[in-house]
Amino acid sequence: MISYPSRHCTVELQALPSRIGQVRRIVSAQLRYWHLDALIDRASLGVTELLSNVHRHAQPDKTCTVEMELLLDRLTVSVRDHDPRMPVVDDAEPLATCGRGLAMVAAMSESWGVRPDGESGKVVWFTLPTTSAAVAAPSRRARRTVLEKPARRFAEVGHAADGLLPEHAPARSAVAG
């Protein structure tokens, strides 16, 4: 029996507002290439939120890597940065203009999480199902469960920042079909 090979798409960039739209276009194009058009909106929303967090919070620099991996019935999107502090999911005030990004990622994805990446970084990821029924209509029950139980398992970890910022670098991508 021949199984489907995994497929990867990797983009390295500085998480600057001008680059986030570019990455959304890359994500959209790659998902169209893989014939996963139904996942474009959710994958683009999730990657936008994760890159916005890197832009807003990551230290000592904004350099990061976005990776998409397609394995059989699941798309995993991850963002790796050089800040070892883990994200914290808080309840945002009703009129707050920020603080809901990870809760949105949790609500629109099948699963999500964060893991340390060596001594000086982390990877934040989320998964989306690629099966036709799950792509067409995620169940209200699953969505409600995520919203009723927001993740609160991550805490801030101290880090040492040298205060040096890298030079502006253009986005680079390596796409394998």
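This is a short tour of the model, stop by stop.

**Before you start.** The model is predicted: local features need pLDDT of at least 70, side-chain atom pairs count only at pLDDT 80 or more, and totals for chains, interfaces and linings use all residues. Residues are numbered from 1 along each chain as its sequence is written, and side-chain values use heavy atoms, with hydrogens and water left out.

**Whole protein.** Show the cartoon. You have 5 helices and 6 strands. These are DSSP runs, numbered from the N terminus: helices are H or I with at least four residues, strands are E with at least two. Along the sequence the order is β-α-α-β-β-α-β-β-α-α-β. Of the 177 residues, 37% count as buried. Buried means under 20% relative accessible area, exposed over 50%, and partly exposed in between, with a 1.4 Å probe and protein chains only.

**The core.** Select Leu-31, Leu-51 and Leu-75. These have the most contacts inside the largest nonpolar core, which has 36 residues. Such a core is a set of buried Ala, Val, Leu, Ile, Met, Phe, Trp, Tyr and Cys residues joined through side-chain atoms within 4.5 Å. Its largest share, 6 residues, comes from H2.

Stay on Leu-75. Leaving out residues up to four places away in sequence, Leu-75 touches Leu-31, Trp-34, Leu-39 and Phe-126, among others. Contact means heavy atoms within 4.5 Å.

**Helix H2.** Select residues 40-57. H2 has 18 residues and reaches 25 Å from first C-alpha to last, close to the 26 Å expected at 1.5 Å a residue. That expected span is 1.5 Å times one less than the number of residues. The buried residues of H2 include Ile-40, Ala-43, Ser-44 and Leu-51.

**Ser-28.** Move to helix H1, residues 17-33, and pick Ser-28. Ser-28 counts as buried because its relative accessibility is 11%. Beyond its neighbours within four places in sequence, Ser-28 is in contact with Ile-40 and Ser-44. Now check C-alpha to C-alpha: Ser-28 and Ala-43 are 8.2 Å apart in space and 15 residues apart in sequence.

Most residues other than glycine have a negative phi, and most peptide bonds are trans.

- Loop between H1 and H2: select His-35. Its phi is positive, about 65°. At 68% relative accessibility, His-35 is exposed.
- Loop between H2 and E2: select Pro-60. The peptide bond from Gln-59 to Pro-60 is cis, with omega near 10°.
- Loop between E2 and E3: select Leu-72. Its phi is positive too, near 45°. Leu-72 is exposed, at 60% relative accessibility.
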